[in-house]
Amino acid sequence: MVRHASPRLKPRRGRVPAVALAITAPALATMGVLVLTGAVSPGPAALAVLAMLAGAVLVVRPHLLDLAMVEQATRDMAGNRGRPLGTPEIIYSSMARAQMTAVQDMRRALEHRLADQTARAESNALVVDALTDPILLIDSHGTVTRVNAGARALFGRDGAGRPLSALLREPSVLEAVESVLTGGAGRMVQITLPGAIERECEARVTPLSQRDTDGAEVLLTIHDVTKLVRMERMRADFVANASHELRTPLSSLLGFVETLMGPARDDAEARERFLPVMLEQGQRMQRLVEDLLSLSRIEMNEHSAPTDVVPIPDLVRRIANGLELKAEAKGCTLAVDLDPALPPVWGDADQLSQVFQNLLDNAVKYGRAGTPVTVTGGVVAQGPASMPGSRRGPCLHVAVRDHGEGIAREHLPRLTERFYRVDRARSRQMGGTGLGLAIAKHVLTRHRGALVPESMVGEGSTFNVYLPLASDTLAIAPPPEAGSATQTPRETVMADADPDGTARRPDRTGPAPHSIRPP
Ligand SMILES: Nc1ncnc2c1ncn2[C@@H]1O[C@H](COP(=O)(O)OP(=O)(O)O)[C@@H](O)[C@H]1O
Ligand SMILES: [Mg+2]
């Protein structure tokens with residue numbers, strides 16, 4: 001009459017007779033009184049008692065079996081034994097069936113909640129792992145209980161289970177953790193992590209509002225601020241350098257003015273001697289201010305790629321022509337060996353002029369007297385690794401080579417830093433600002449190109465410029481002022497309706513070829 005999911009399930013021993021006895025107790029007592037008073041004879045009374053007891057057992061047993069099942073199901077749930085949720089069919093007792101359904105509903109709800117919490121914990125772990133900053137959880141003994149992927153990468157191993165001091169030998173961090181563990185407030189300490197490249201970091205030690213499940217009480221996060229520190233240092237250096245560069249000619253200029261206003265007031269010969277020097281100092285300051293302004297202008301639009309199409313051979317030749325006198329004065333030749341049919345590049349003609357103006361000027365300036373300066377170039381299949389990955393397709397390569405004293409290897413990576421000079425006195429004496437290569441680097445960054453200096457001491461230097469090509473297949477619209485029909489890039493750039501470009505750009509600083517805009 002009753003089918004149960006578990007065939008072994010039984011009511012507890014002795015419970016069926018005890019309940020049957022309890023149910024029949026009033027009837028049994030009545031029967032006893034009737035036998036004692038002689039109203040019923042003992043034989044039939046005994047029969048009646050047995051019949052009552054048997055009936056009670058038959059009625060009670062299935063109920064108790066149902067209850068035993070509910071009890072077992074509840075225990076399973078409490079002990080989380082993970083038994084599958086069966087559907088025991090309790091036919092006899094509707095009350096037990098309702099109870100069983102309630103227990104099963106509760107178990108399902110708990111399982112859902114548990115699954116939800118597990119998923120949430122897993123997703124939290126994923127998020128913490130995805131954070132690039134190293135994160136460590138530390139317990140009251142100073143043992144690391146958990147780390148994220150960033151920390152594993154930093155320490156080169158999974159530090160969980162090890163003392164923090166075994167992973168990070170930075171006394172200030174260990175002290176901060178100790179202090180927080182003994183009730184102190186959270187702290188941030190600056191640390192330098194050793195390695196092939198030292199890293200400046202901020203280590204933040206924060207107390208957890210309550211102990212986590214692994215017993216952790218403190219959270220340690222490490223944030224790499226190397227770039228920020230470097231930038232801050234560069235900013236401070238830049239201000240100091242710029243002020244210093246301006247101060248030198250300014251004090252010399254003021255010195256001359258004071259002399260001319262004082263002791264040499266009526267000294268015509270001194271005036272003749274001083275004025276050219278004063279002019280030269282003024283020009284030096286002007287060059288410096290112009291370079292500083294162009295650097296800041298270039299930086300401002302560094303993130304917008306240029307959209308003009310610029311023919312480099314044409315542009316380089318114009319610049320070389322402008323430098324011919326200076327080269328001649330040194331007995332140098334300036335040979336531009338660039339095929340005029342080389343494909344054009346996307347560019348800003350003014351800015352690219354500044355780049356080549358400085359590279360050619362440097363080559364003449366730092367080249368040995370009587371040696372040639374050559375400009376060669378062509379299309380290469382791929383740019384250097386320093387170019388942005390997406391632009392490393394075919395490139396225009398232009399090499400400016402001189403035969404000067406060359407540049408020692410250790411200076412090469414620093415040449416494009418502002419005001420960096422290999423020989424400060426020589427650069428100044430030659431009228432340099434020390435900003436030319438910094439400007440070139442920023443311009444080429446904006447053009448998604450690259451500048452790669454190569455040099456051998458005693459043999460000379462080559463400055464390699466790489467620029468992404470303007471697409472050959474691109475349909476180029478004629479510039480509005482040209483008013484002609486559609487032209488190819490080559491044809492258009494050769495036709496120069498505005499040779500010095502002043503009509504198009506009033507702020508032009510150097511010669512620039514005509515350029516056109518894509519649609
Ligand atoms: N062709 C070259 N040969 C040797 N040294 C060079 C050459 N070009 C640049 N340099 C070095 O790089 C430094 C930075 O160049 P740049 O930024 O153009 O400044 P400068 O105003 O001095 O020309 C120069 O001062 C010089 O020391
Ligand atoms: Mg220069």
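Biologist: In which helix is Ser94 found, and is Ser94 buried or exposed?
Modeller: In this predicted model, Ser94 is found in helix 3. Residues over 50% relative accessible area are classed as exposed. Ser94 has a relative accessibility of 56%, so Ser94 counts as exposed.

Biologist: How many Å apart in space are Ser94 and Asp66, C-alpha to C-alpha?
Modeller: In sequence, Ser94 and Asp66 are 28 residues apart. Asp66 belongs to the part of helix 2 that meets helix 3. The C-alpha to C-alpha separation of Ser94 and Asp66 is 9.6 Å.

Biologist: How many nonpolar residues are in the contact of helix 2 with helix 3?
Modeller: Residues of helix 2 including Leu67, Met69 and Val70 meet residues of helix 3, among them Met100, Val103 and Leu110. By class, the contact of helix 2 with helix 3 has two polar and three charged residues, while the number of nonpolar residues is ten.

Biologist: Which residue has a polar side-chain atom 2.8 Å from an oxygen atom of ligand 1?
Modeller: Around ligand 1 there are 20 residues, and those that come nearest are Asn362, Asp402, Ser427, Gly434 and Leu437. A polar side-chain atom of Asn358 lies 3.1 Å from an oxygen atom of the ligand, and a polar backbone atom of Gly436 is 3.1 Å from an oxygen atom of ligand 1. The residue with a polar side-chain atom at 2.8 Å from a ligand oxygen is Asn362.

Biologist: With which side chain does the side chain of Arg428 make a polar contact?
Modeller: Arg428 is found in helix 11, residues 424–429, and counts as buried because its relative accessibility is 18%. Leaving aside residues up to four places away in sequence, Arg428 touches His244, Glu245, Arg284 and Arg421. The polar contact, at 3.2 Å, is with the side chain of Glu245.

Biologist: What is the relative accessible area of Phe419?
Modeller: Phe419 lies in the loop between strand 10 and helix 11. Phi of Phe419 is positive, near 65 degrees, in a residue other than glycine. Phe419 is buried, and its relative accessible area is 1%.

Biologist: What is the phi of Arg448?
Modeller: Arg448 lies in the loop between helix 12 and strand 11. Arg448 is partly exposed, with a relative accessible area of 21%. Although Arg448 is not a glycine, its phi is positive, at about 55 degrees.

Definitions and conventions. Residues numbered from 1 in each chain as written. Chains lettered and ligands numbered in written order. Predicted model: local features only at pLDDT ≥ 70, side-chain atom pairs only at ≥ 80, totals over all residues. Heavy atoms only, no water. Contact = heavy atoms within 4.5 Å. Helix = DSSP H or I, 4+ residues; strand = E, 2+ residues; numbered from the N terminus. Nonpolar A, V, L, I, M, F, W, Y, C, P; charged D, E, K, R; others polar. Buried < 20%, exposed > 50% of the residue type's maximum accessible area, 1.4 Å probe, protein only. Near = heavy atom within 4 Å. Polar contact = N/O pair within 3.5 Å; in protein donor to acceptor, adjacent residues only side chain to side chain.
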